[in-house]
Amino acid sequence: MINKRLKNILLPFFPGAAVLILMQSGVIHKLFNIKLLQLPLPFDIAKAICGNMDKILLNAGTTMSLAVAGLILGALLGYSLAVFVTLMPNAGYGALFIMTMVNSIPIVALAPLMNRWFSDAVLAKLAVIIIAASGAMAVNAFRGLNDIPKSLLELMNINAASKFYIFIKLRIPSSLPSVFTGLKICVPAAMLATIISEFFSSETTGLGYMIKYTLKVGNQKQIGWAYIVAVSIFSILLYSIICMAERKMLKWHTSQNSAQK
């Protein structure tokens, strides 16, 4: 069991390490004709991260607090819509269709639009993140609430269970695996929406703004890439937290039992 877990950790590590070695040696730059101003060496990016750790953490606090808040609110909005469609399908399908249409709007176009709708910069960014995170959650939660074996529904009906009891005891627990799937899909969507909304925001804080600012300056390309790497690291951390919560809360589900074998 320990050897298998060790392999699961080490095997994905080696391809990434190989890419970093090729980048540091300059092979990738020569192969794809990339200049150092476009993509600095990994060692230079690491030095920039260490030298600007205080600024990175300060701006990461602004970005991550906004991303987490938007992710939670978007997930709640998406799940609420899925519940509404499940309970009132005739009226709900129209709302689900509208949300899907809104969610298909490119974030690059949505962020400037929200800046015009909301005078407060934080609310504008939060609106973009909520829209980006709600669509995937609505679709996945709706599938989880309704993708239930007919035998279980028939058993509940035979025992004269009310619709409310069926919803609480059967539909909601059955939707949890799909909810976590939706959350894992929403993490990169929420982070992308946060960074892009900070690009267009009037505020001068956040990882997105610092990426835009530092990449414009000729002698700060390494610092710009340091902020890009920071975004990736914090995204992975947020994704990992959701995965750990899924393992804790869904020990009873077959997907977790098969993953532990």
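Me: Does Cys 50 count as buried or exposed?
Reply: This is a predicted model: local features need pLDDT of at least 70, side-chain atom pairs count only at pLDDT 80 or more, and totals for chains, interfaces and linings use all residues. Residues are numbered from 1 along each chain as its sequence is written, and side-chain values use heavy atoms, with hydrogens and water left out. The classes rest on relative accessible area: buried is under 20%, exposed over 50%, partly exposed in between (1.4 Å probe, protein chains only). Cys 50 has 62% relative accessibility, so it counts as exposed.

Me: How many disulfides does the count come to?
Reply: The criterion is a pair of cysteine sulfur atoms within 2.5 Å. Applied here, the count of disulfides is zero.

Me: Which cysteine has the sulfur nearest to that of Cys 186, which is in no disulfide?
Reply: Cys 186 is at 1% relative accessibility and therefore counts as buried. A sulfur lies 13 Å away, and that nearest one belongs to Cys 243.

Me: What percentage of the 261 residues is buried?
Reply: The C-alpha atoms fill a box of roughly 70 × 55 × 35 Å along the principal axes. Of the 261 residues in the chain, the buried share is 40%.

Me: Which helix holds Lys 125, the partner of Glu 203?
Reply: A salt bridge needs a side-chain nitrogen of Lys or Arg within 4 Å of a carboxyl oxygen of Asp or Glu. Glu 203 and Lys 125 meet this at 2.8 Å, N to O. The pair links distant parts of the chain, 78 residues apart: Glu 203 sits in the loop between α9 (163-200) and α10 (207-216), Lys 125 in helix α7 (residues 121-146).

Me: Which residue forms a salt bridge with Lys 184?
Reply: The whole structure holds two salt bridges. In this one both Lys 184 and Glu 246 are buried. The closest N and O atoms are 2.9 Å apart, and the partner of Lys 184 is Glu 246.

Me: Which side chain makes a polar contact with the side chain of Thr 86?
Reply: Thr 86 is in helix α4 (residues 53-87). At 14% relative accessibility, Thr 86 counts as buried. A polar contact is a pair of N or O atoms within 3.5 Å; within protein, one must be able to donate a hydrogen and the other to accept it, and residues adjacent in sequence count only if both atoms are side-chain atoms. At 3.1 Å, the side chain in question is that of Asn 146.

Me: What is the area of the nonpolar surface patch?
Reply: Patch residues have over 30% relative accessible area and no salt bridge; like charges are joined within 9 Å, nonpolar side chains (Val, Leu, Ile, Met, Phe, Trp, Tyr) within 5 Å. Areas come from the Shrake-Rupley method with a 1.4 Å probe; for residues, only the protein chains shown count as cover. One member, Ile 105, is at 35% relative accessibility and so counts as partly exposed. Phe 97, Ile 98, Met 101, Val 102 and Ile 105 make a patch of about 460 Å².

Methods: Helix = DSSP H or I, 4+ residues; strand = E, 2+ residues; numbered from the N terminus.
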